[in-house]
Amino acid sequence: MINFSDIAAQLNAGTILPEGIVLITLLVVLVGDLIVGRNSTKWTPYAAMVGLFGAIVALYTQWDSTNTIGFLGGFNADALSIVFRGIIALSAIVTISMSIAYIEQTGTPLGEFICILLTATLGAMFLSGADELVMIFISLETLSISSYLLTGYTKRDPRSNEAALKYLLIGAASSAVFLYGISLLYGLSGGETRLTAIAPGIANGGSGVSLALVIALVFAIAGISFKISAVPFHQWTPDVYEGSPTPVVAFLSVGSKAAGFALAIRLLVTAFPLVSEQWHFVFTALAIMSMVLGNIVALAQTSMKRLLAYSSIGQAGFVMIGLLANTEAGYASMIFYMLVYLFMNLGGFTCVILFSLRTGTDKISDYAGLYQKDPLLTLGLSLCLLSLGGIPPLAGFFGKIYLFWAGWQAGLYWLVLLGLITSVASIYYYIRVVKMMVVKEPQEMSDVIKNYPPIRWNLPGMRPLQVGLIVSVLATSLAGILSNPLFTLANNSIAKTPMLNSALVQTLETNSVVSKVDISWSSKN
């Protein structure tokens with residue numbers, strides 16, 4: 001006799017209620033689009049946004065839940081995963097708001113686009129809470145495969161096709177490497193797939209820090225770095241950002257990155273405590289290369305989307321400082337920065353979409369003199385870019401200060417200094433764009449701006465874009481001054497996550513043991 005109540009208690013399916021809501025929304029959009037046909041574009045995007053809002057509300061209700069393990073340990077709905085899933089759902093909402101007009105203009109069906117985007121969101125949300133190797137891999141593939149489809153979605157555009165092919169080939173290789181790494185982990189731990197059981201499994205196996213464990217670590221990091229586009233796994237980023245439809249780029253730069261960082265924290269902290277020094281060393285190298293290369297190469301870019309691509313590589317380097325600090329403040333600063341980054345980056349991409357809808361170009365030189373024709377767009381883009389550069393009192397400044405402060409406290413002095421230097425370099429290329437837009441002389445105005453169309457917000461799909469832009473710009477300018485609720489949210493999400501608390505306690509204990517040994521050794525001498 002099967003006892004169903006026991007099975008239900010073990011599955012604890014309530015943990016994935018937000019994902020359930022996204023899945024139902026996906027089916028509603030898919031079936032509605034099939035039945036209604038081309039006219040469905042009047043309601044499908046709004047239905048998708050409502051569903052994603054519902055998912056965020058469901059996440060909010062789970063905040064104080066104590067029974068967070070679902071699916072026999074396959075999924076963990078702790079506070080950390082709730083924040084990251086919220087970031088992903090929010091980025092999907094803003095992405096849909098900016099894609100309505102854009103996708104309509106490219107002449108491709110909108111319903112299918114939203115379905116694939118929701119699938120990617122679903123994969124990213126599952127990835128943020130996945131606590132078991134098979135679950136991690138399946139969610140990673142759900143996210144990746146939908147991303148390849150989205151990248152090549154404007155199939156009449158050869159650049160989009162090229163981007164999708166590059167992304168598919170490099171992404172497939174990275175997935176294979178990642179899978180090889182976690183299968184080594186499975187073998188070393190004596191056949192454990194749950195992350196919490198892997199480290200004890202390896203310790204009991206008596207192999208300790210073996211070469212195989214280090215190889216597993218390196219391969220796993222390669223897979224994660226590909227997702228967060230850290231140098232040297234960044235080769236796909238500029239080409240994919242330049243070729244794909246702009247809303248897709250916006251989603252990849254925030255949603256996909258957030259999922260990658262959530263996976264990095266969960267996998268490295270729970271499965272690799274034995275090689276903690278090694279992964280810190282590798283990530284320090286990645287952070288240094290990402291900050292330097294991302295911000296230096298961005299100086300030479302002529303296309304706005306490529307500029308934002310390299311800037312996002314540099315931003316990933318900054319966020320890694322929080323991961324390397326390995327303290328409560330470090331993880332909290334990562335979450336705070338991702339929350340702020342969501343608005344400033346999506347705001348920037350919304351402006352780029354608006355400009356390209358009106359002019360059909362994304363060259364930086366074509367932005368010259370935009371202020372005289374479209375002050376609102378200039379203001380929005382300037383605020384978002386200055387915030388990405390970290391100019392006070394915008395949100396990006398507080399995000400960077402918090403990251404650097406956490407890194408400094410953890411003793412990462414050189415890394416923080418490098419971060420400050422590369423931040424200054426990044427301010428240069430952001431301000432260059434702003435200076436372009438506000439040139440006064442009419443003869444300096446670009447030809448595109450001279451023929452700038454009249455501003456009309458009542459075109460189909462423009463209202464949601466306008467709302468998305470205003471919300472992003474307001475959040476970017478106010479989240480800095482009113483950052484307290486976000487700070488509290490970031491700190492609570494770390495304090496309420498048992499996985500991180502036990503890991504941080506262990507780090508503190510190891511450090512105190514090491515310092516005691518040092519003291520006793522020096523006193524003997």
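1. Helices, in the numbering used here, are DSSP runs of H or I with at least four residues, counted from the N terminus. In this predicted model, Pro393 is found in the loop between helix 16 (375-389) and helix 17 (395-409), and the peptide bond that joins Pro392 to Pro393 is cis, with omega at about 0°.

2. A cis peptide bond also joins Val231 and Pro232, where omega is about 5°; Pro232 belongs to the loop between helix 9 (211-228) and helix 10 (236-243).

3. The largest nonpolar core has 165 residues, and among those with the most contacts inside it are Phe84, Phe178, Phe272 and Tyr331. Helix 14 (residues 328-359) gives the most to this core, contributing 21 residues. Leaving aside residues up to four places away in sequence, Phe272 touches Leu185, Leu213, Ala216, Leu217, Ala220, Leu267 and Trp279.

4. Helix 3 (residues 44-61) packs with helix 5 (residues 110-129) at an angle of about 15°, their axes being 10 Å apart; because this angle is under 35 degrees, the two helices count as roughly parallel. The contact is made by Thr44, Pro45, Ala48, Leu52 and Leu59 of helix 3, together with Leu110, Ile114, Leu118, Thr121 and Met125 of helix 5, and these residues divide into eight nonpolar, two polar and no charged.

5. Phe71, in the loop between strand 1 (69-70) and strand 2 (75-76), has a positive phi of about 55° although it is not a glycine. Asn326, in the loop between helix 13 (304-325) and helix 14, likewise has a positive phi, near 55°. Phe71 is partly exposed, at 32% relative accessibility, whereas Asn326 is buried, with a relative accessible area of 12%.

Note on methods:
Residues numbered from 1 in each chain as written. Predicted model: local features only at pLDDT ≥ 70, side-chain atom pairs only at ≥ 80, totals over all residues. Heavy atoms only, no water. Core = buried A, V, L, I, M, F, W, Y, C linked by side-chain atoms within 4.5 Å. Buried < 20%, exposed > 50% of the residue type's maximum accessible area, 1.4 Å probe, protein only. Contact = heavy atoms within 4.5 Å. Axes fitted to C-alpha atoms, helices over the stretch in contact; angles between N-to-C directions. Parallel < 35°, antiparallel > 145°, perpendicular 65-115°, else oblique. Nonpolar A, V, L, I, M, F, W, Y, C, P; charged D, E, K, R; others polar.
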